[in-house]
Amino acid sequence: MKKLTRLASSSLIAAAVVASAVITVQSQAHGIYFAQRARQLALIYGIGSEDLDMAKRVPLLNSVTGYDADWNPVPTRLRIAGPIPVVESDAPTTAVAATMDYGLWSRTADGEWHNKGRDEVPGAVFAERTFKYTVHLSQPMKHEVPLLAGHRLQIIPVGTDIPVEIGKTISVRVMFDGKPFAGAQVLPDFVNDVDMPPLMTGPDGVASFRLRNQGLNVIAATIVTKPDQPKKYDSIEYRATLSFVLPHAPE
């Protein structure tokens, strides 16, 4: 687990230039996603069952945006409520999204993570540059999910009809820099089965699988590329999530 030793500036940081080759190893880094907490939509930082302190990581966010049913922007912000930030908006939202620049991280032989590049951490055995993205769909879609500004990596449902029953098949397309990405690692259940072998997207960037939960579903996609600054880090990791809830039967 990465130890947060230093928060990066909340100002927008230009994304790194990505090398063309992709490192095809499974990464188990944390992600961000939206989920309900006490009837409020909250932004979560974690992996699997881990739900860590997102409030202190809010300064690392580059953007939080809300959208109506036609994908028009709705003024949206986060309010800190204890260890979690909850979503507030000026009008009802159909979707909410966020982007995060998680910065440089180096791991030493003792397993500790340091919020610095390899060149600043003596004895570092691994270093990475990380970016995180998330989209949450809270209502049935009238239109296909568009490419969102600032989301270099994005998971987009194929079509507008997300199944409403567990076990039904869903297809998603992983987009990187506006294009379908072949070979992205996809986890169909980022919260409940994060250790499963990842699926890989095909040449069209698509992966298909059965929905795992009659409730919250969090799908994750990851690509890991070679570094543009090898003296500072060994790889660049991009992780995106897509979350939505399948309705339960009436009480």
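Predicted model: local features only at pLDDT ≥ 70, side-chain atom pairs only at ≥ 80, totals over all residues.

Biologist: What is the average pLDDT of the protein chain?
Modeller: The average is 88, and 89% of the residues score at least 70. Over residues 1–28, however, the pLDDT is below 50. That stretch still has 84 contacts in the model beyond near neighbours in sequence.

Biologist: How many helices and strands are there?
Modeller: The protein chain has zero helices and 18 strands. Of its 251 residues, 48% are buried. Among contacts with a separation of 6 or more, 63% are between residues 24 or more positions apart.

Biologist: Let us take S17. Why is it described as largely enclosed?
Modeller: Strand S17 covers residues 216–225, and nine of its ten residues are buried, so the rest of the structure largely encloses it.

Biologist: Which strands pair with S17?
Modeller: Strand S18, residues 235–245, runs antiparallel to S17 and is joined to it by ten bridges. In that pairing, Thr-225 stands opposite Ile-236. Strand S14, residues 185–187, also pairs with S17 in the antiparallel sense, over three bridges. There, Gln-185 stands opposite Thr-222.

Biologist: Now the core. Which residues have the most contacts inside the largest nonpolar one?
Modeller: They are Leu-137, Leu-153, Ile-219, Tyr-238 and Phe-244, in a core of 37 residues. The elements giving two or more residues to this core are S8 (95–108), S10, S11 (153–157), S12 (169–176), S16 (206–210), S17 and S18. A second, separate core has 16 residues, including Phe-34, Leu-41, Leu-60 and Val-87.

Biologist: What is Phe-244 in contact with, sequence neighbours aside?
Modeller: Leaving aside neighbours within four places in sequence, Phe-244 is in contact with several residues, among them His-136, Leu-137, Ile-162, Ile-170 and Ile-219. Leu-211, Gly-215, Leu-216 and Asn-217 are also in contact with Phe-244.

Biologist: On to the aromatics. How many pairs are there?
Modeller: The count comes to eight aromatic pairs. One of them is Tyr-67 with Trp-71: the ring centres are 5.3 Å apart and the planes are at 50°, so the pair is tilted. Tyr-67 and Trp-71 are both buried.

Biologist: And Phe-131 with Tyr-238: what is the arrangement of the rings?
Modeller: That pair is stacked, because the planes are at 10°, with the centres 5.4 Å apart. Phe-131 belongs to strand S10 (residues 124–137) and Tyr-238 to strand S18, so the pair ties together parts that are 107 residues apart in sequence.

Biologist: Are those two buried or exposed?
Modeller: Phe-131 counts as buried at 3% relative accessibility, and Tyr-238 counts as buried at 0%. Ring pairs also link Phe-131 and Tyr-238 with Phe-176 and Phe-181 into a cluster.

Biologist: A change of topic: where is Gly-66 found?
Modeller: Gly-66 is in strand S4, residues 61–67, and counts as buried at 2% relative accessibility. The C-alpha atoms of Gly-66 and His-136 are separated by 9.5 Å, although the two residues are 70 apart along the chain. Beyond four places in sequence, the residues in contact with Gly-66 include Asn-72, Pro-73, Thr-93 and Val-96.

Biologist: What about Pro-180: where does it lie?
Modeller: Pro-180 lies in strand S13, residues 179–180, and counts as partly exposed at 41% relative accessibility. Its contacts beyond four places in sequence include Arg-173, Met-175 and Asp-204.

Biologist: Finally, which residues have a positive phi although they are not glycine?
Modeller: Ala-38 is one of these, with a phi of about 50°, and Asp-177 likewise has a positive phi of about 50°. For context, most residues other than glycine have a negative phi.

Biologist: Where are they in the chain?
Modeller: Ala-38 is in the loop between strand S1 (31–37) and strand S2 (40–47), and is exposed, with a relative accessible area of 71%. Asp-177 is in the loop between S12 and S13, and counts as partly exposed at 41% relative accessibility.

Technical notes
Residues numbered from 1 in each chain as written. Heavy atoms only, no water. Buried < 20%, exposed > 50% of the residue type's maximum accessible area, 1.4 Å probe, protein only. Helix = DSSP H or I, 4+ residues; strand = E, 2+ residues; numbered from the N terminus. Pairing = 2+ DSSP bridges. Phe/Tyr/Trp six-rings, centres within 6.5 Å; stacked < 30°, edge-to-face > 60°. Contact = heavy atoms within 4.5 Å. Core = buried A, V, L, I, M, F, W, Y, C linked by side-chain atoms within 4.5 Å. pLDDT = per-residue confidence, 0-100.
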